[in-house]
Amino acid sequence: MTLALNRFFANPSALHDFGYGVKKEMEARRKQIAGFAGASPDQLIFTSGGTESNNGAIHSHLLNQTKDKKTLLTTAIDHPSLRHSLEALKGDYRLVYLPLDEGGHIQVEALKDYLSEDVALVAYPHVHNELGAINPIEEINRVIKAYSKDIYIHVDGVQALGKIEVNFSRSGADSYSFSGHKFHGPKGIGGLFLKEPARFKAFHQGGGQEGGHRSGTENIPGVFGLAKALEELEGQVDKNYAHVASLKARAIDLIDKKIDQVKINSKDPSSPYILHLSIKDIKGEVILHMLEEKEIYISTGSACSSNAQEKSPVLDLLKLDRGYQEGALRICFSKENTLEEIDYFVEVLSQSVEDVRSLVRG
């Protein structure tokens, strides 16, 4: 990113040689990033991140569809950038929520009963942002396309790319979103993979950058940072996955031994990077602040919705009683974490729970 700021700072859309040189560097990185995800360079457009990519995919297709289809399929626990985008269309479309199991996975067999000639779009996450549920996207998309190739499929891959294997060309999706900061890249940069870029209709107008798909001067330092983050993950995804899986397993084992009345809400298959659990007779926010005093940072739900005054829909799916609902915690692990850090985390967590419970229970 420093290289981009110091040396490649010209506008890549400029006609002079300096601008052309920057564009050449940007396109080299587009090719590298696309290759990491099993896509071709022309299938990738750069965006500001997952929210823009999710909104763009949904609205572009609905603006561009040639048939007057009115049903949209999604899940009730999608990330707000998907869920709210679709809910905003309720006046013009019929929004239908797909059935999920207790871990937040789409029930593939039941999905077949929801498909009809009126379905315009299906949108869902590859990996759920709170529960970590991994959906079998190739299987799901195969079922949908077997019913009708006209149904557009958008997959939110923000919690997947860089953490689990992703191959866009094999996925069967029409579009797939991602965000750089989820795999140690910079914030404010992400992308959208498009199976057929020519069909993508820009939903805001401007200078026609990104092949006319996304106007606005490209974020060159962000693109450089994005490419570097994925370069460091080349050949490391499976190794990192195994390491993080050992961290999550250690955390669950220690929590089970040291804290009573805990429910593990993340159900396999789930991402090792995310653990959602509920502890009875505590308030998640109180525990969060107690841990932050020890420089341990977790959340009570998705950080993207922490400013919203709404209960996470995940809690409704889990059907927990109030004693467990208020103690819901979301813990994220990194490839840079160690087993020693997990031991320390659980020790601090168990002591914090004991302290809170002594006050609540008397």
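Author: Strand β9 (residues 274-279) is joined to β10 by 5 bridges, and the two run antiparallel; strands here are DSSP runs of E with at least two residues, and helices runs of H or I with at least four, numbered from the N terminus. Within this pairing, which requires at least two DSSP bridges between two strands, Leu275 has Ile331 of β10 as its bridge partner. The model is predicted, so that local features need pLDDT of at least 70 and side-chain atom pairs pLDDT 80 or more, while totals for chains, interfaces and linings use all residues. Residues are numbered from 1 along each chain as its sequence is written, and side-chain values use heavy atoms, leaving out hydrogens and water.

The pair belongs to an open sheet of 3 strands, ordered β8-β9-β10 with antiparallel pairing. Its edge strands, β8 (262-264) and β10 (328-332), each pair on one side only, and neighbouring strands of the sheet are turned against each other by 25° on average, direction ignored.

Elsewhere, helix α3 (residues 50-64) packs with helix α4 (residues 80-87) at an angle of about 35°, their axes being 9 Å apart; axes are lines fitted to C-alpha atoms, for helices over the stretch in contact, and angles run from 0 to 180 degrees between N-to-C directions. From α3, Gly50, Thr51, Asn54, Asn55, Ile58 and His59 meet Ser81, Leu82, Ser85 and Leu86 of α4, contact meaning heavy atoms within 4.5 Å.
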